[in-house]
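Please look at the sequence and the model below before reading on.

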Protein chains: 2
Amino acid sequence: MIFSNLEINKDEAIYLQIEKHILDGINKGELKKNSKLPSTREVSKLLNISRNSVISAYEELESKGIITTKRGIGTFVSIEGETESYEYTVDFTSKLNEYAYTLRKLDIIKSELPYKKGMISFKSISPESDLFNLDDFKRSLLDAWNFEESNLLNYGYAKGYKPLIDYFFDYMKDKRVKVNNKDILITNGFTEAFDIIIGSLTKPGDVILCEKPTHNTALKIMKSYGLKIIQIDMDKEGLNLEQLNKNLRDCVPKFGYLIPSYNNPTGIVTKTERRKEIYKLFRKYSVPIIEDGFNEELLYSSSPIEPIASLCGDGNGVIYIGSLSKILFPGLRIGWIFADEKLIDILESVKRGKTIHSSFLDQSAFYYYLKSGAFNRYVKNVRKYYRDKYNLVMNMINKYIPYEYVTGEGGLHIFIKLKNNINSRKLLDLCYNDGVIFMPGDIFYEDQNHGLDTFRIGFGRVSDEDIVKGIKIIGDNLKLLGT
Amino acid sequence: MIFSNLEINKDEAIYLQIEKHILDGINKGELKKNSKLPSTREVSKLLNISRNSVISAYEELESKGIITTKRGIGTFVSIEGETESYEYTVDFTSKLNEYAYTLRKLDIIKSELPYKKGMISFKSISPESDLFNLDDFKRSLLDAWNFEESNLLNYGYAKGYKPLIDYFFDYMKDKRVKVNNKDILITNGFTEAFDIIIGSLTKPGDVILCEKPTHNTALKIMKSYGLKIIQIDMDKEGLNLEQLNKNLRDCVPKFGYLIPSYNNPTGIVTKTERRKEIYKLFRKYSVPIIEDGFNEELLYSSSPIEPIASLCGDGNGVIYIGSLSKILFPGLRIGWIFADEKLIDILESVKRGKTIHSSFLDQSAFYYYLKSGAFNRYVKNVRKYYRDKYNLVMNMINKYIPYEYVTGEGGLHIFIKLKNNINSRKLLDLCYNDGVIFMPGDIFYEDQNHGLDTFRIGFGRVSDEDIVKGIKIIGDNLKLLGT
């Protein structure tokens with residue numbers, strides 16, 4: 001009998017299990033068309049379940065036209081077990097375009113050595129989940145639900161959740177940015193913000209100036225759109241001004257892409273005076289700046305540095321991308337573009353053509369979380385936590401790693417340039433065998449023949465014990481490579 | 001005194017209000033650099049608030065370097081009120097590309113007559129929010145939170161939330177689709193799914209065959225990528241086979257894009273036999289089909305029609321896009337691509353380069369909602385509700401609207417072709433003045449000189465009373481236009 005091999009589990013509604021079981025039977029050919037099913041009473045007795053569950057399942061199947069009940073006679077299967085199929089196979093590899101292949105080729109999740117369970121991983125720059133103030137977030141989620149309810153479930157607005165937009169306006173004002181003639185578009189994190197900007201404002205072959213090294217995701221997106229990327233050297237104060245001026249003058253760049261507040265991967269914070277000089281140069285050549293506000297909140301130093309966007313006054317030369325969620329809840333995928341209002345009007349239509357709008361549940365929960373003050377408490381709390389970790393990492397590096405320099409002063413990662421041109425991928429291969437993994441530096445360079453002797457150490461989610469152990473292992477392997 | 005004009009409100013944490021007030025004062029020039037602030041005790045007394053709130057605000061500002069406390073002396077403003085600014089203005093209109101302009105031009109939210117409060121709107125095809133079983137959803141949201149907690153807040157996977165992917169695999173199996181060598185990618189609804197597919201698999205100038213008329217968002221996206229769109233006529237059974245064959249043979253199309261289960265806007269359901277013929281033609285010319293599963297769940301008819309993907313067996317010729325959320329919670333923006341596993345591998349990297357991943361909070365809540373059986377209950381419930389509305393709409397149309405034909409048999413909208421070539425935009429202008437709005441049909445045609453005498457009536461969110469009133473108004477205006 002068809003039900004004799006069914007075991008009911010507790011995790012799923014019973015009627016759904018019954019329904020699936022019958023469908024499986026039909027598809028496997030155990031139940032032929034026109035064959036009779038046991039009565040709901042028999043099934044409930046056999047499986048020791050409520051008869052209502054069985055009735056629900058039968059009704060459901062009947063409403064889908066899969067079984068038919070003839071009153072007083074019984075219930076019968078009304079469809080054939082196997083669908084007629086006519087296969088055909090398409091060669092999609094010949095149809096995929098350059099854009100898709102570039103994103104696949106540069107997908108570091110797929111191309112770099114993977115983390116394996118039990119390893120000490122310095123690869124990620126994600127925050128430590130244990131620090132999330134979950135009760136605060138749960139409260140915000142419930143606040144969002146109680147205030148908005150069904151509004152969160154029907155279509156929202158491409159621009160974003162209005163209270164959150166207003167919150168971000170205040171946030172920009174707090175950073176002494178002028179908001180006249182500006183507008184905000186909420187996006188699925190930095191990545192979508194950057195994709196929308198690059199996808200809307202560039203053509204293949206356009207030149208973009210950026211820092212050397214720079215954010216791997218930004219490099220990937222720019223390459224996927226066929227842009228020409230020119231990276232400008234940095235010192236510990238920021239971009240090299242002479243090189244910047246030369247390239248602005250000679251290369252007719254479409255944009256600059258800058259991460260002045262905490263360069264990824266180096267962690268270099270561009271100093272106030274240097275920001276002004278950089279800004280003035282871009283202005284001189286009327287080249288707009290895409291400013292990535294990455295990590296502004298996490299700097300350990302107590303002197304706040306205002307974004308480059310604050311220098312722009314009522315002008316529109318800076319497009320600012322913000323994403324608080326990166327240091328808070330990266331899984332929420334909330335970012336924003338702050339820019340000229342006429343530009344945002346167009347980018348809003350682009351956003352609508354790409355994803356319609358970002359999750360209103362996420363946006364609303366995040367808004368109530370920010371509004372409650374929980375975000376500020378969280379940042380204060382984690383700043384100290386990560387500062388302690390940073391100090392430990394630096395102690396260990398000074399002890400075990402012969403470096404040319406180390407940069408980074410207030411985030412979840414630091415960047416190391418090794419002495420004697422040691423190849424960091426060779427080092428990684430050795431460390432990987434010993435259960436330690438980190439991010440090789442070349443992925444942050446447009447031309448991956450650069451940065452071969454550099455690597456990034458992310459420490460946000462590494463225990464103190466593993467930091468000590470892991471960096472010693474890196475040091476031991478460096479010795480094997482002849483340092 | 002700086003605090004004399006501050007009024008504390010109840011909605012926001014008090015210390016944040018204090019903090020903002022001081023920042024405002026600095027930015028407006030009311031608080032100069034080095035000026036002394038009142039003591040925390042004074043402020044708490046003046047405003048009648050807890051001293052701790054004031055201390056928190058001061059500490060916060062101090063940690064940001066905005067004020068400095070000198071022990072025993074007082075607290076002082078440590079920054080200048082106005083940032084030096086050097087404006088510059090960029091002409092972004094000259095920098096935006098064709099892609100962005102096309103999406104702006106075809107953004108019907110911006111280009112079509114807007115809904116105004118108090119109007120009777122047949123424009124939207126959104127579901128009625130009052131039918132959402134909110135308690136079920138809240139329970140699912142809490143289930144998601146309780147089972148996953150911080151997992152939902154740190155980075156997730158580009159492919160999607162594993163339990164939801166598995167659920168959708170079962171869903172496809174239930175529809176008698178074979179899942180061997182197939183994989184699933186979760187997206188932000190249909191729109192992102194289609195954007196990823198078109199963005200990855202086409203080049204400007206490629207030919208796409210689709211139904212005439214067809215989904216406006218799909219048309220918009222295809223146009224934004226510079227594709228050549230050929231629309232094939234339909235009758236009430238589905239696509240015209242002769243025309244399809246001719247175009248498959250002569251035009252070297254890259255894809256077909258089809259909505260066989262409920263064409264938007266016409267609501268035509270392609271019949272089983274016609275599906276087979278259509279499928280066989282695409283197979284004959286080895287052209288893959290992008291199948292939009294729109295509205296499968298909502299059909300009033302009890303005989304289920306299997307998706308075209310079920311005909312494909314172990315072949316890979318059909319790329320299926322699903323999105324249950326459209327009839328359920330459109331705001332959740334959850335859809336999926338079901339296709340050849342090697343293709344999904346690449347599209348996963350594309351997704352990572354566009355939005356990293358979709359909201360895990362949404363995905364997880366939706367999963368628990370589906371798993372609980374609440375979705376099936378909901379669909380059963382709303383199917384009856386919308387069927388009744390549909391019947392009312394059809395009665396009214398038969399009474400008041402002289403049509404050549406009406407199509408649609410089980411969704412949230414129907415489609416009307418008027419008699420005597422009446423221009424539906426002229427009709428809309430008249431109705432708009434009388435407080436009634438609907439969607440003109442030309443937006444569903446590649447060439448907007450077609451469908452001029454058609455329009456779509458969405459009724460999901462219109463009360464019975466307004467249906468009666470609204471359709472009568474349309475009828476009255478038709479008389480004015482000389483029918």
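Rings of Phe, Tyr and Trp, with the six-membered ring used for Trp, count as a pair if their centres lie within 6.5 Å. By this rule, F132(A), F137(A), F329(A), Y369(A), Y378(A) and W145(B) form one aromatic cluster. The model is predicted. Over all chains, the structure holds 50 aromatic pairs.

| Pair | Distance between ring centres | Angle between planes | Type |
|---|---|---|---|
| F190(A) and Y257(A) | 6.2 Å | 40° | tilted |
| F194(A) and Y257(A) | 4.9 Å | 55° | tilted |

Why do these angles give tilted pairs? Planes under 30 degrees apart would count as stacked and planes over 60 degrees apart as edge-to-face, so the rest are tilted.

F190(A) lies in helix α8, residues 189-201 of chain A, while Y257(A) belongs to strand β9, residues 255-258 of chain A. The pair therefore ties together parts that are 67 residues apart in sequence. F194(A) is in helix α8 of chain A as well, and its pair with Y257(A) in strand β9 links parts of the chain 63 residues apart.

Are the residues of these pairs buried or exposed? F194(A) and Y257(A) are both buried. The relative accessibility of Y257(A) is 0%. F190(A) has a relative accessibility of 3%, so this residue counts as buried.

Rings can also face a charge. In chain A, the charged end of K70(A) sits over the ring of F76(A), 5.0 Å from the ring centre. In chain B, K70(B) has its charged end over the ring of F76(B), 5.0 Å from the centre of that ring.

Methods
Residues are numbered from 1 along each chain as its sequence is written. Chains are lettered from A and ligands numbered from 1 in the order in which they are written. This is a predicted model: local features need pLDDT of at least 70, side-chain atom pairs count only at pLDDT 80 or more; totals for chains, interfaces and linings use all residues. Side-chain values use heavy atoms; hydrogens and water are left out. Helices (H or I, at least four residues) and strands (E, at least two) are DSSP runs, numbered from the N terminus. Buried means under 20% relative accessible area, exposed over 50%, partly exposed in between (1.4 Å probe, protein chains only). A charge sits over a ring if NZ of Lys or CZ of Arg is within 6 Å of the ring centre and within 35 degrees of the ring normal.
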